[in-house]
Amino acid sequence: MTVQRLTDSAYLQLVGDAQVLKLRRGKPAILLTSDQRIIKHIYRRSWFSSSRIWPYAQRFINNATLLHQRGIKVPTIHGRYYYPTFGCDILVYDYLDGKSLFTYAQENNFSYLEKTPAFLSRLHELGIYFRDFHLDNVIIHNNEFALIDIASVKCRRQTRGLNFKYRAKNIAHLFSKNEDQEIYRIFGKNNFLRRYVKSANLSRRKTALLYYLVSRYRLKKPPFLPAKTNDLEINDVASQVVSS
Ligand SMILES: Nc1ncnc2c1ncn2[C@@H]1O[C@H](COP(=O)(O)OP(=O)(O)O)[C@@H](O)[C@H]1O
Ligand SMILES: [Mg+2]
């Protein structure tokens, strides 16, 4: 996809009478146009960031293609721009009509959160690691899980499942998002993990290993390590997950 450089007048034309959904440091971040498209402004990070070499906008586009190929719903991208006045990249893509998992949970509707571990396990089976898997980055669109904000996605080249380290890291990471803490507290982290284990059809041994790794990544230090992984008692390790 070619990058078009926008003059001020071209920018104003692109934006038109779009509604501002989100600002970042007083500047537009997410706009919604009247023809149901999102205009995402991606501000460049520091000079030393890897985004200099491999811009987030490009990662977003590449990931959209990979996720789409693997059957995961993502917005269709219509254009990539650079707007020098704001020093930002701009992506234009479809608005996915629906509500985020966060909004549903806030409305005390946990039905989609109950299905989220199965969706996460499907991503993992497909070799997809979505680092920013937080509840506002998943939209329920036409009753289907869809991902937005996908610049941080990493896909294994061959569609082989993620190894346990990454599965656990991903789960630990999503449990630690400040905005989502309260929701996971109400829903129950063990409830989430139990559902994940069931969907992923894990053996007892692998379940124990997963619980152990999740608790380890959440604590960011190794907890007490029994002599053999086989000796891990699932409930013992689970209690570390909930208590941390
Ligand atoms: N394609 C989209 N469809 C529906 N809503 C979207 C879409 N893109 C963004 N949004 C809304 O805007 C919010 C912020 O967008 P996001 O891309 O996640 O930006 P940020 O990087 O600021 O988190 C989302 O949580 C969602 O509510
Ligand atoms: Mg987001």
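**Exercise 1.** Among contacts in the chain between residues at least 6 apart in sequence, what percentage join residues at least 24 apart?

*Solution.* Start with the ground rules. This is a predicted model, in which local features need pLDDT of at least 70, side-chain atom pairs count only at pLDDT 80 or more, and totals for chains, interfaces and linings use all residues. Residues are numbered from 1 along each chain as its sequence is written, while chains are lettered from A and ligands numbered from 1 in the order in which they are written. Next, two residues are in contact if their C-beta atoms, placed from the backbone, lie within 7 Å. The answer is 65%.

**Exercise 2.** Find the order of the 6 strands in the open sheet, and its edges.

*Solution.* Strands are DSSP runs (E, at least two residues), and helices are runs of H or I, at least four residues, both numbered from the N terminus. Two strands pair if DSSP finds at least two bridges between them. The order is β1-β5-β6-β4-β3-β2, with mixed pairing.

**Exercise 3.** Which residues are closest to ligand 1, and which elements give two or more residues to its shell?

*Solution.* A residue counts as near if its C-beta atom, placed from the backbone, lies within 6 Å of the ligand. The shell holds 16 residues, the closest being P75, L96, D136, I148 and D149. The elements giving two or more are β2 (19-24), β3 (27-32) and β4 (37-43).
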